[in-house]
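Trainee: I would like to go through this model one question at a time. Can we start with the charged side chains and then move on to the strands and the pocket?

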Amino acid sequence: MKKFVFLRLLCLLIIGIMVSCKDNNEVKFESFDPTKPIQVTSFYPDSGGIATPMIIEGSNFGSDTVGLKVYFEDSLGVKHLAGLVSSNGSKIYAMVPKLTYLKKLNIIVERTLDNGKVIFGKAEDDFFYKTQTTVTTVIGKPEPDNQNVRTIGGDFTSATLAAPFAICLDDEDNILIVEREFWLKGGGYSGQPVKDEKGNNVQSNLVLGDTKNESVIVLKYGANYSNAPAFSSESGNQAIYVPEDAGLYYYSLNKTLSYAPRRRSLITDEETKNVVEGNWKYSFVVNKFDNMVYTVMWKGQLVRFNPTTRVVEVLLDKVIPDIPNAGGASGTNAYCVFSPIEPNMLYICQEDYNLISRVDISKLDQVDKKTYKGEMYAGRAILEGPVNGRGWEDGLLENARFYAPKQICFTADGKLYIADTYNHCIRVIDTTLPKDKATVRTVIGLPQSAGFQDGGPEIAKFNYPAGVAVNSDGSVVYVADTKNHVIRKLSIE
C-alpha cells in the first residue's frame, strides 16, 4: 500500500512538472526571490507516518535546493527536518521525518540566505502524524499466570520460558535472557517461580535466543539469583556480564567461548569492600568509551569495575533520595543505560522510588562524590514521594507516574523505553527534547490491565513486563514479558 501511494504521488509530481513545460519541452523552474515571501498554500496527503511521500504547493520556493529546508513543527515548537527530494519553485517533493508522538504539526518551508537571514512560510492547515507500534511474540508460548512452566530449549515456537525477567542483545542480535522470580511491591509473592527442565524450582536460568537460527539454548540452569545483563563490544573481549544479587559476584559470558557462563568475583579494597559486600546490584551497563561496567547498588552507590582486572571503583556515594522508598526502606532496585545521543549520560530507573534520574559521568571530577546525586529526570514521585507519586499517568516528565518500573533501554534516535512492570505497559521518553518539553507516553500495552494479546496499541496486553532491550542497530525493542513466559518484539514505525 505504501509503495502504491509513493508511486502515485511521484507520478503526480512528474505530471505537474510536465504540464508546466513549454511547447519546446523546456521545464519552467522558478527561481527564489529574496525580496518576496515564501507562501505555502496546500499539501497532500494531510496525514501519514515516517517516510510518507508528500507534495507541498505554494510559491517562491525556488528550484535550487541549496539553503531550502522543510520542517514539521510540533505543538511544543520543536522543528523536525523532513527529507527534501526536489523542488520546481511551486511544488516541493519531500518525505515525512520520524517524529515524536505529538500528532498535530505545522509544515514550514525555509530558505537561509547567504547573510544568515531566514525567510519562511507556514501552511495554514495542520498535518497529522500517525505512529503505529505493534507487538508480536517471538520466543516462547504464552501461558498467562501458569506457575508450572519449565524452561526448555528448542526453536522459537517450541521453546518454553519459566520467568523471563531481564534481557540484552549482542552485536549479532542474539538475546541473552535472565530468568528469575520477583516479589510484588508491598509484600506477597509474584506467583512466578523459575523452573528447570525437570520442573524443579531454581533461583535463575541463563538462556540464549539465536535470532538468526531462531533457536533457544539454555546456557545454565540453576544460576544464583541474577539480574539485568549487559553486552560489551570491546574489541578482543566481547562478552555479556550478568550481575548476581550478592555484592561481589557476577557471571562473565565470553562470546568466543559460545557464552559459556563463568562465575567471577569483584576485587575490592578496604573502602570498596564496605560498599559492595552486604549490598546488591540489579543491572549492569557498559560504557562504550572506557569499556567499564557500571552499576548502581541497592544502597545507592554508583560504582564501576574493569572487566579485565575486576577492580571496583566508587564514583558517587549515593544517587538515590534521602527518604524511605515506597516500601519504607532506604534503597532501590536500579536499572541503568547510557544514552546513544549523549554517550556519557547514564540514565537510572529507580524502581522502588518510581522515578528516573540521570548522571553525566564525564563531569564527575567537578562534583563532590559524597553529596552529588545527579539530576532527577522523570516521575511525579520526585515531587510527591515514591508512594503518593506512583501509579499511571502520561504527560510532562514532572507529572508522569510510574509503578515499579524496571529495565530501560534506548533506541538509536534517543528514545528511552521503560518496562513499567506494575502498569503492564511500555512507556517512552524522547530524551532529545528539552527537559521542560519532553513527555512520558505509553507506547504499547493497556495501562493497569494485565493479560496477553499481540497487536497494536489499542489491543496489545502484557503481564508484568520486566525487561526491555534494543537490537544492535538500535531500531528494534524486545520485551521480556515475565508472567506471559515470552519474549516479544515491538515493531515501531
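This is a predicted model: local features need pLDDT of at least 70, side-chain atom pairs count only at pLDDT 80 or more; totals for chains, interfaces and linings use all residues.

Trainee: Which residue meets the side chain of D317 in a salt bridge?
Mentor: Side chains of opposite charge can pair when their charged atoms come close. Here the N to O distance is 3.8 Å, inside the 4 Å cut-off for a salt bridge. The partner of D317 is K370.

Trainee: How many residues apart in the chain are K370 and D317?
Mentor: In the salt bridge between K370 and D317, both partners sit in loops: K370 between strand 29 (355–360) and strand 30 (375–378), D317 between strand 26 (312–316) and strand 27 (334–338). The pair links distant parts of the chain, and the separation is 53 residues.

Trainee: Is K370 buried or exposed?
Mentor: Its relative accessible area is 60%, and the exposed class begins over 50%. K370 is therefore exposed.

Trainee: In the salt bridge between D454 and R488, how far apart are the closest N and O atoms?
Mentor: D454 and R488 form a salt bridge that links distant parts of the chain, 34 residues apart. D454 lies in the loop between strand 35 (439–444) and strand 36 (465–470), while R488 belongs to strand 38 (residues 486–492). The closest N and O atoms are separated by 2.7 Å.

Trainee: What relative accessibility does R488 have?
Mentor: D454 is partly exposed, with a relative accessible area of 24%. R488 counts as buried, which requires a value under 20%. For R488 the value is 0%.

Trainee: In the salt bridge between K79 and E110, what is the N to O distance?
Mentor: The side chains of K79 and E110 meet in a salt bridge. K79 lies in strand 5 (residues 79–81) and E110 in strand 8 (residues 104–112), 31 residues apart. K79 is partly exposed at 38%, whereas E110 is buried at 10%. Their N to O distance is 2.6 Å.

Trainee: How many salt bridges does a search of the whole structure find?
Mentor: The pair of K79 and E110 is a salt bridge, and so is the pair of D454 and R488. A search of the whole structure gives a total of 28.

Trainee: Turning to the strands, how many bridges join strand 20 to strand 21?
Mentor: The two strands form a hairpin with five residues between them, and they run antiparallel. V242 stands opposite Y251 in strand 21. The number of bridges joining strand 20 (239–243) to strand 21 is five.

Trainee: Which residue of strand 22 is the bridge partner of S252?
Mentor: Strand 21 and strand 22 (residues 261–265) run antiparallel and are joined by five bridges. They form a hairpin with six residues between them. The partner of S252 in strand 22 is R262.

Trainee: What is the phi of S258?
Mentor: S258 lies in the loop between strand 21 and strand 22. With a relative accessible area of 58%, S258 is exposed. S258 is not a glycine, yet its phi is positive, at about 55°.

Trainee: How far apart in space are G247 and K281, C-alpha to C-alpha?
Mentor: G247 is in the loop between strand 20 and strand 21 (249–254) and counts as buried, at 7% relative accessibility. Beyond its neighbours up to four places away in sequence, G247 touches L266, V276, N279, K281 and M297. G247 and K281 are 34 residues apart in sequence, and their C-alpha separation in space is 6.5 Å.

Trainee: How much space lies in the largest pocket?
Mentor: The largest pocket is lined by 39 residues, and F231, V286, V337, F338 and V470 lie nearest its centre. Elements that give two or more residues to the lining include strand 13 (164–169), strand 27 and strand 36. By class, the lining has 23 nonpolar, 11 polar and five charged residues. The space in the largest pocket is about 880 Å³.

Trainee: Which peptide bond is cis, with omega near 0°?
Mentor: Look at the loop between strand 1 (39–44) and strand 2 (47–48), where P45 is found. The cis bond is the one from Y44 to P45.

Note on methods. Residues are numbered from 1 along each chain as its sequence is written. Side-chain values use heavy atoms; hydrogens and water are left out. Helices (H or I, at least four residues) and strands (E, at least two) are DSSP runs, numbered from the N terminus. Buried means under 20% relative accessible area, exposed over 50%, partly exposed in between (1.4 Å probe, protein chains only). Contact means heavy atoms within 4.5 Å. On a 1 Å grid over the protein atoms alone, a cavity is a set of points where a 1.4 Å probe fits but cannot get out, and a pocket is an open set with protein on both sides within 12 Å along at least five of seven lines; lining residues have an atom within 4 Å of a point. Grid points are joined across faces, edges and corners, and a volume is the space filled by probe spheres set on the points. Ala, Val, Leu, Ile, Met, Phe, Trp, Tyr, Cys and Pro count as nonpolar, Asp, Glu, Lys and Arg as charged, and the others, Gly among them, as polar. Two strands pair if DSSP finds at least two bridges between them.
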